[in-house]
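Biologist: I am new to this structure. Please take me through the place where the two chains meet, and through the parts around it.

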Protein chains: 2
Amino acid sequence: VFQPAGGQLRVGVAIGEHVLDLAAVAAAGLLPADPAAFAAPSLNAFLALGRATWTATRRRVGELLTAGNTELRAAGLVPGALHPQDAVHLCLPVEVADYVDFYSSLEHATNLGRLFRPGGEPLLPNWRHLPVAYHGRAGTVVPSGTPIVRPCGQRLSPRAGEPSFGPSTRLDIELEVGFVVGVGSRLGTPVPAADAAEHIFGLVLVNDWSARDIQAWEYQPLGPFLGKSFATSISPWVVPLDALAPFRAPARPQDPPVLPYLRAEGDWALDLDLLVELHTAGMAARGLPPEVISRTNLRHVYWTMPQQLAHATVNGASLRTGDLFASGTVSGPEPGTYGSLIELTWGGTQPLRLPDGSERAFLEDGDTVTLRGWCGGDGGRPRVGFGAVSGQVQPAPLSG
Amino acid sequence: VFQPAGGQLRVGVAIGEHVLDLAAVAAAGLLPADPAAFAAPSLNAFLALGRATWTATRRRVGELLTAGNTELRAAGLVPGALHPQDAVHLCLPVEVADYVDFYSSLEHATNLGRLFRPGGEPLLPNWRHLPVAYHGRAGTVVPSGTPIVRPCGQRLSPRAGEPSFGPSTRLDIELEVGFVVGVGSRLGTPVPAADAAEHIFGLVLVNDWSARDIQAWEYQPLGPFLGKSFATSISPWVVPLDALAPFRAPARPQDPPVLPYLRAEGDWALDLDLLVELHTAGMAARGLPPEVISRTNLRHVYWTMPQQLAHATVNGASLRTGDLFASGTVSGPEPGTYGSLIELTWGGTQPLRLPDGSERAFLEDGDTVTLRGWCGGDGGRPRVGFGAVSGQVQPAPLSG
């Protein structure tokens with residue numbers, strides 16, 4: 001979803017460094033869906049139309065953009081309906097209905113267990129039997145570029161034994177990938193894992209900003225609340241599941257075997273490269289480029305999207321168009337592949353050294369974090385880019 | 001929000017056993033707000049107009065309904081705009097944005113701590129310092145009367161050590177009261193406790209249906225998910241905060257003293273009588289009336305609405321019109337005042353005996369639970385009714 005200078009919000013598709021205005025293309029009668037679905041401030045109306053329309057629309061857009069096709073030009077849409085990406089405003093692509101955050105990386109859950117519950121068994125007994133998840137705050141899912149105001153809250157000082165109030169001193173990121181639900185489901189009727197592709201439209205990058213000190217004090221017994229709810233950033237581009245077909249791979253083995261409702265046929269792991277860039281205000285002032293602090297891949301994740309969807313609805317909970325389901329932090333097996341600072345710096349005890357000479361255990365004001373993702377582009381495979389999701393940390397408000 | 005036979009959804013106000021159609025009254029120019037706010041399928045448009053409009057509208061409706069006022073009759077609205085409640089369909093009053101569930105009853109948190117973590121300290125160290133809460137599923141908030149399909153899921157058999165799958169065998173209710181946000185707030189800017197009345201439009205009864213066996217197995221470390229997300233029922237009537245002014249009372253003392261951001265001036269406890277009725281299929285077949293299984297009062301609750309609102313936004317999380325914040329189970333100090341079956345039957349060990357000779361530890365298929373609430377009606381005080389929220393348990397689906 002984008003907004004051209006002086007224009008209304010509308011749905012577009014990325015073509016290299018440009019955006020093609022699908023509202024204009026549909027208004028010219030060139031797309032197999034109601035033009036109103038594209039002349040809209042979110043993808044939701046298009047998402048609700050279902051897989052047959054998603055696939056037909058994607059195929060048709062591909063056709064229109066094939067070398068030699070003159071339909072866009074004949075309809076007077078070139079260059080008018082093609083905008084340079086940097087001349088438009090990229091917006092929140094989806095009106096988020098409910099936001100669910102999983103905890104599906106074995107390595108992340110093990111690392112967090114070690115850090116949050118030292119001395120205990122890192123992985124709790126339920127973890128290998130079900131994809132653990134909780135509901136997050138849908139109203140604070142924000143588009144890439146939204147400033148992230150450092151949250152205030154209660155945190156326990158280990159010495160005092162009492163909580164104190166103030167700005168979080170352990171502000172962190174979580175590198176995640178989320179899927180967006182297109183077609184909803186009926187209350188009381190579970191969605192089988194086999195039907196996942198009928199409901200999942202596509203994927204976005206997610207930065208689940210986390211205040212570790214607030215989270216550690218508040219999270220028992222009902223889970224994370226204010227440690228997460230201040231902001232969750234998503235990328236402006238939703239990559240359709242169809243576009244990811246060449247990059248699907250066998251899921252990793254699961255031991256013990258899962259219950260029947262969690263069994264999913266087909267290759268549902270995704271060979272999606274991911275990285276985290278950190279750019280401090282000091283680096284920016286010295287003209288230094290952002291530093292890559294983690295490189296990982298979504299294929300490491302233990303629980304797959306059909307399993308997540310089947311689990312989230314097995315109790316009869318319904319889906320709605322615009323539901324966002326995030327993977328949880330994507331961490332690989334080695335330290336440089338972890339998707340959060342609390343893991344990369346091991347609870348802040350091993351700060352990162354940055355090119356401007358500074359160190360980082362957790363984020364400081366002025367830091368910009370950017371997540372990037374892409375599939376392929378190597379070995380002759382096409383490249384499918386997810387673009388980026390970015391946010392800069394702003395100082396906490398003075399009050400409180 | 002109601003739907004007259006063959007008509008569109010619209011906003012109404014309860015007058016005894018009738019509903020006054022506010023869309024018709026506003027269309028006749030008799031209300032101080034845009035008629036479109038009432039000719040709507042939810043209260044949200046009206047809620048967004050803010051406290052001055054809420055108060056002026058309530059005052060004006062009271063004036064129109066005063067004995068001797070002839071304006072409704074002169075406009076041809078009596079009897080046409082007055083519908084018997086049992087001739088219309090009462091709908092979900094609010095399009096729920098985010099749903100947050102607190103855990104604000106000291107007695108309930110203590111009881112659940114004893115039952116879920118036997119041998120440990122019942123109240124966790126954070127409980128008296130902050131109003132513990134988690135996000136629930138907004139998309140499965142349903143109106144009174146919606147059938148509640150028994151959820152399936154994983155639960156741990158104490159003997160097996162491994163989870164099994166099937167219909168919940170510990171289906172429970174939670175008697176709660178929720179407040180609905182009218183006016184939202186800006187991301188990054190906390191809402192002070194003193195501003196609560198600018199944001200809170202009114203209150204509803206909430207039944208937060210809970211599958212205790214599913215919840216017990218899944219809830220660590222990220223909190224309740226499928227044990228709660230299959231359905232949350234709310235009453236059709238939203239009682240405006242203004243109407244509750246005569247029933248406000250001093251909040252109970254809090255020890256230790258709370259942090260400054262949680263201090264709220266004024267009387268924010270509410271003398272709201274609550275009860276839980278259970279009607280089994282067997283009782284219905286014998287013509288027996290519902291049995292009252294609990295009587296309690298909202299004034300027992302430890303954390304107040306301004307404290308809940310200030311806490312939920314202190315990290316900068318924004319509010320939206322339609323946000324629902326529920327109290328958590330309202331339990332009083334004595335066994336007959338508990339707001340859930342797991343407390344009333346002490347984990348199922350002390351089943352209730354019912355008038356048809358049956359026993360209940362947890363809910364069986366065919367059981368209907370109704371929550372009722374009212375303020376006053378005694379000692380010369382006016383009575384303000386909350387109506388009822390009701391739901392009947394349906395058998396689990398066969399698949400799985």
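Modeller: C375(A) is buried, with a relative accessible area of 0%. C152(A) counts as buried too, at 5% relative accessibility. A search of the whole predicted model finds zero disulfides over all chains.

Now the interface. In chain A, 57 residues are in contact with 58 residues of chain B. The two chains bury about 5400 Å² between them, and 63% of that is on carbon and sulfur atoms. On the side of chain A, the residues that lose the most area to chain B are R137(A), L222(A) and F225(A). Together they make up 15% of what that side buries.

Polar links cross the interface as well. The rule finds 22 residue pairs in polar contact there, both residues at pLDDT 80 or more. Which elements of chain A supply at least two residues each to the side that touches chain B? They are β7 (133-136), β10 (152-156), β11 (163-167), α7 (212-218) and α9 (305-313). The largest share, four residues, comes from β7(A). By type, the side of chain A that touches chain B divides into 34 nonpolar, 16 polar and seven charged residues.

The rule also finds two salt bridges across the interface. D323(A) forms a salt bridge with R137(B). Their closest N and O atoms are 2.8 Å apart.

L187(A) has contacts in both chains. Its place is in the loop between β13 and α6 of chain A. At 30% relative accessibility, L187(A) counts as partly exposed. L187(A) and A317(A) are 130 residues apart in sequence, yet 5.6 Å apart in space, C-alpha to C-alpha.

Next, helix α9(A). Nine of its nine residues are buried, so α9(A) is largely enclosed by the rest of the structure. Among those buried residues are M305(A), P306(A), H311(A) and T313(A). The buried residues of α9(A) pack against β6 (99-102), β13 (175-181), α6 (196-199), β14 (200-207) and β22 (324-326) of chain A.

Salt bridges also join parts within chain A. E174(A) and R212(A) meet through their side chains in one, at 2.9 Å from N to O. This pair links distant parts of the chain, 38 residues apart. E174(A) sits in the loop between β12 (171-172) and β13, and R212(A) in helix α7. Both E174(A) and R212(A) are buried. They belong to a network of salt bridges that also links D172(A), D208(A) and K228(A).

A further salt bridge pairs D271(A) with R381(A), the closest N and O atoms being 3.2 Å apart. D271(A) lies in the loop between β19 (269-270) and β20 (273-279), and R381(A) in the loop between β25 (368-376) and β26 (383-394), so the pair ties together parts that are 110 residues apart in sequence. D271(A) counts as buried at 17% relative accessibility. R381(A) is partly exposed, with a relative accessible area of 30%.

In chain B, the side chains of D378(B) and R381(B) meet in a salt bridge, at 3.4 Å from N to O. D378(B) is partly exposed, with a relative accessible area of 39%. R381(B) is partly exposed as well, at 30%.

Definitions and conventions. Residues are numbered from 1 along each chain as its sequence is written. Chains are lettered from A and ligands numbered from 1 in the order in which they are written. This is a predicted model: local features need pLDDT of at least 70, side-chain atom pairs count only at pLDDT 80 or more; totals for chains, interfaces and linings use all residues. Side-chain values use heavy atoms; hydrogens and water are left out. Contact means heavy atoms within 4.5 Å. Buried area is the accessible area (1.4 Å probe) that two parts lose on being put together, summed over both. A salt bridge is a side-chain nitrogen of Lys or Arg within 4 Å of a carboxyl oxygen of Asp or Glu. A polar contact is a pair of N or O atoms within 3.5 Å; within protein, one must be able to donate a hydrogen and the other to accept it, and residues adjacent in sequence count only if both atoms are side-chain atoms. Ala, Val, Leu, Ile, Met, Phe, Trp, Tyr, Cys and Pro count as nonpolar, Asp, Glu, Lys and Arg as charged, and the others, Gly among them, as polar. A disulfide is a pair of cysteine sulfur atoms within 2.5 Å. Buried means under 20% relative accessible area, exposed over 50%, partly exposed in between (1.4 Å probe, protein chains only). Lists of a residue's contacts leave out its neighbours within four places in sequence.
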